[in-house]
Amino acid sequence: MGIYLNPNAEAFKMDKNTDIYVDKSLVLTELNKLLGTRQNFVCMSRARRFGKSMTGNMISAYYSKGCDTREIFSKMKIGDVPGYEDNMNKFNVIKLDLNGWYQRSLIEENRTDVVKYIQEEVLEEFREAFPTIEFKQGTSIATNIQKVYGKIGEKFIIIIDEYDVLVRERVAENVFDSYLQFLNSLFKDTTLRPAIALAYITGILPIVRDKMQSKLNEFTEYSMVDAQQFAGLIGFTHEEVEDLCNTHGIDKEECSRWYDGYKLSESVGVFNPLSVVNAVRRKEFGSYWSATSTFEVLKDYISMNFDGIREDIIRMMSGTPVPVKVKDFRNKLDDITNKDNVFTYLIHLGYLSYDRKTKTCKIPNEEVREEWVSAIDYDDNYVKVIEIVNASRKLLDDTINGNEDAVAKALDAAHTEVTSNLTYNDEHCFQSAICLAYFYANTRYTLVKELPTGKGYADLALIPFLPNIPAMVIELKHNKSPETALQQIKDKQYDEVLKHYRGDMLFVGINYDEKTKKHECKIEQIVFR
């Protein structure tokens, strides 16, 4: 048993002993299917705090010969899977936290050769684990794996956490080249491949193309844009969050509004685990994930002056998804050349979510929305946007209070200052501009675009999740009248859709006159008792 070679299960036990723990052991059933196949090289990329390291600890504890974890796993979900013990504690596991190695290499003796540092430490553990085999000084991990496999036929599982840290840290060229050679020796040598039962690497980025792709082209990527069978196995699913909310007595709808929004497959969406756990523990909703980093990362990339980026960010701030091409991104930070690259990188970071079916991205939830507001607040290109966001609270109050002239003037400002590059001839742009103007409403309402009614769809419905505030139905018109918009709301039989609703409701008709460039507003109060 060593620290890096055949580690014990203490890290996994610490994770499992926390007061709030979600059993994700079924990820092991999927990995077991890959053992000894051509698909056994796995790159699992997820945003920060999505459970990558905890999963790595569990995988190590399950496979490592350095511990006996039968009793633990027998009581977990995988314990109900026939044959779950077949691979348990049967392999030599090498587990490396590359970020930890990198940080220590900078401190201890001011070393810069991270790989040399790793090789030296792991070599000593090989000598202790296999005393009958001779390992020469200075030999690589790959050479030592091959020697063990050749001598006694034992296979290895390699786990590298945060494999991409040297990419994100933008280290010196010689350090990076040394790391590439290390990866090449482990994963490109065809004579070594039979000795590796499973390779599992994690990072924020998928395989970095160009230089690293040739070294890691045997890996299958499971990422924020294409999670495949692992979609619900990293991160908290809707069912898991609902169970937590019911057990600990917190509002599951509010939890969803704050932390949901990452759709990793056609049928599976996940929540950010760190944020959910903090909200459950504190019984208070807030921004927890974003507090673990700085919005500087977000700010730096949205400040890039690529065509269309500002307009698309405005649309996403209003809650509208925008198209994105994710396949062109080469997963390199120094090779971001267009808007699609920026948005794809932000998807991998968790600042945006991606829908594979529609090929669009959006701001996933309230927690991340607050991060976006903080980021653009420091960017001169978004001064007017922030002014509209800051004015949105007054606009909401004016709407509730029936101040029709104030509402019309606020919408004029939003159109003139923010959406000057978006044409109101496009119905969705009109809708997006109104949603941005009502940005503050997201703290009190669920905004539903094109809500089905008795006949047709309402342009925008605001359904309150706080008490004692009215629901709203907003209808938008071009070159007609606000009265026409109000009448259309009534004609659509909206009262049939909300017949279960009890409380005040506002019908809001808004018309935009393209000649005068002005909005008109009419508000009518309806009461369901």
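In which loop does Asn89 lie? In this predicted model, local features require pLDDT of at least 70 and side-chain atom pairs count only at pLDDT 80 or more, while totals for chains, interfaces and linings use all residues. Residues are numbered from 1 along each chain as its sequence is written, and side-chain values use heavy atoms, with hydrogens and water left out.

Asn89 lies in the loop between α4 (70-74) and β2 (92-97); helices (H or I, at least four residues) and strands (E, at least two) are DSSP runs numbered from the N terminus. The phi of Asn89, a residue other than glycine, is positive, near 55°. Most residues other than glycine have a negative phi. Asn89 has a relative accessible area of 10% and is therefore buried (buried, under 20% relative accessible area; exposed, over 50%; partly exposed, in between; 1.4 Å probe, protein chains only). A positive phi, near 50°, is also found at Asn479, in the loop between β14 (471-478) and α20 (482-491). Asn479 is partly exposed, at 43% relative accessibility.

Strand β4 (residues 196-203) is largely enclosed by the rest of the structure, because eight of its eight residues are buried. Strand β1 (residues 41-45) pairs with β4 in the parallel sense over five bridges, pairing being assigned if DSSP finds at least two bridges between two strands. Strand β3 (residues 156-161) likewise pairs with β4 in the parallel sense over five bridges. Tyr200 of β4 is the bridge partner of Val42 and of Ile159.

Thr399, in helix α17 (residues 383-400), is buried at 0% relative accessibility. Its side chain reaches the backbone oxygen of Leu395 at 2.8 Å.

Note on methods:
Polar contact = N/O pair within 3.5 Å; in protein donor to acceptor, adjacent residues only side chain to side chain.
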